[in-house]
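Here is a brief report on one protein chain. Look at the sequence and the model first.

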Amino acid sequence: MSKKINSQELAKLIDHTLLYSDAKSTEIEKLCEEAVEYGFASVCVQPYYVKLAAEKLQGTAVKVCTVIGFPLGQNKTATKVFEAREAIADGASELDMVINLAALKNADWVTVEADIKAVVEAAGGLTVKVILECSMLSELEVIKASAIARRAGADFVKTSTGFQGRGATVDDIERMNTASGSPVLVKASGGIRDYATALAMVEAGASRIGTSSGVIIMEEARRAEEA
């Protein structure tokens with residue numbers, strides 16, 4: 001179902017992201033400043049930078065999101081749980097965990113579910129998004145993984161890390177949205193670099209957008225409203 005949205009509403013759906021391994025602290029600080037200026041939902045940074053981001057964003061409405069088991073997802077569950085707890089202690093309030101892709105590909109759904117559930121429990125009620133890496137999965141695997149993420153207590157399923165294969169597609173969003181069902185939401189991430197693409201993802205049913213192009217998207221959105 002098409003969803004109409006203005007630029008301010010769109011901003012509140014964006015996780016302003018910088019996950020490159022060579023990112024400098026000055027870039028993270030700028031990311032945080034931009035997130036406050038534009039009213040983004042969160043900044044998404046590597047665990048190393050969570051504490052810095054939390055300090056920069058203290059007293060603002062912008063949340064700190066970080067990644068767990070990133071980008072391959074094959075860390076052991078105990079490692080993911082440790083990462084989650086450390087990130088929360090440093091100030092993260094949202095966790096984007098990568099699903100165990102090896103277990104998924106082996107159809108070891110018990111391990112897949114237990115892995116997600118352990119991180120959800122470690123999060124203690126904070127938001128958990130499960131990254132599926134849709135470009136590496138069959139349609140059936142996307143549907144099954146989305147349903148399992150819901151059953152394990154995740155808040156969102158997410159299309160991709162942006163570091164492997166293609167990024168998000170409208171088909172991914174629609175498939176995940178149908179499979180996961182309420183109350184699990186869908187985050188579109190990977191390859192979303194302009195306003196038109198972001199809007200298409202929202203119209204397809206995405207409730208959050210992960211992008212490193214948040215400023216570009218917002219400037220395009222504002223120009224579109226003024227036209």
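## Helix α7

Buried means under 20% relative accessible area, and exposed means over 50%. The model is predicted. By that cut-off, Glu141, Val142, Ala145, Ser146, Ile148 and Ala149 are the buried residues of α7. Seen down the axis of α7, they fall within an arc of 165°, so they line one face of the helix. An α-helix has 3.6 residues a turn, so residues three or four places apart point the same way. Glu139, Leu140 and Arg151 are exposed, on the face of α7 turned away from its buried side.

The length of α7 checks out. Its 13 residues, 139-151, should span 18 Å at 1.5 Å a residue, and the end C-alpha atoms are 19 Å apart, which agrees. Just after α7, Gly153 has a positive phi of about 100°.

## Nonpolar cores

The largest nonpolar core holds 72 residues. Val43, Ile99, Ile116 and Leu132 have the most contacts inside it. Helix α6 (residues 109-123) gives the largest share of this core, 8 residues. A second, separate core has 7 residues, including Cys44, Cys65, Val67 and Ile131.

Leu132 touches Val142, Ala145 and Ser146, among others. Its contacts also include Ile99, Leu101 and Met176.

## Strand β1

How many residues of strand β1 are buried? The count is 5 of the 5 (residues 14-18), so β1 is largely enclosed by the rest of the structure. Ile14, His16 and Leu18 point one way; Asp15 and Thr17 point the other.

Strand β1 runs parallel to β8, with 3 bridges, and parallel to β2, with 4 bridges. His16 has bridge partners Thr211 in β8 and Val43 in β2. From β1 the chain crosses through helix α2 (residues 25-38) to β2, in a right-handed β-α-β crossover.

How values were computed:
Residues are numbered from 1 along each chain as its sequence is written. This is a predicted model: local features need pLDDT of at least 70, side-chain atom pairs count only at pLDDT 80 or more; totals for chains, interfaces and linings use all residues. Side-chain values use heavy atoms; hydrogens and water are left out. Helices (H or I, at least four residues) and strands (E, at least two) are DSSP runs, numbered from the N terminus. The expected span of a helix is 1.5 Å times one less than its number of residues. Buried means under 20% relative accessible area, exposed over 50%, partly exposed in between (1.4 Å probe, protein chains only). The arc is that of the directions from the helix axis to the C-beta atoms. A nonpolar core is a set of buried Ala, Val, Leu, Ile, Met, Phe, Trp, Tyr and Cys residues joined through side-chain atoms within 4.5 Å. Contact means heavy atoms within 4.5 Å. Two strands pair if DSSP finds at least two bridges between them. A crossover is right-handed if, with the strands pointing away from the viewer, the path from the first strand over the helix to the second runs clockwise.
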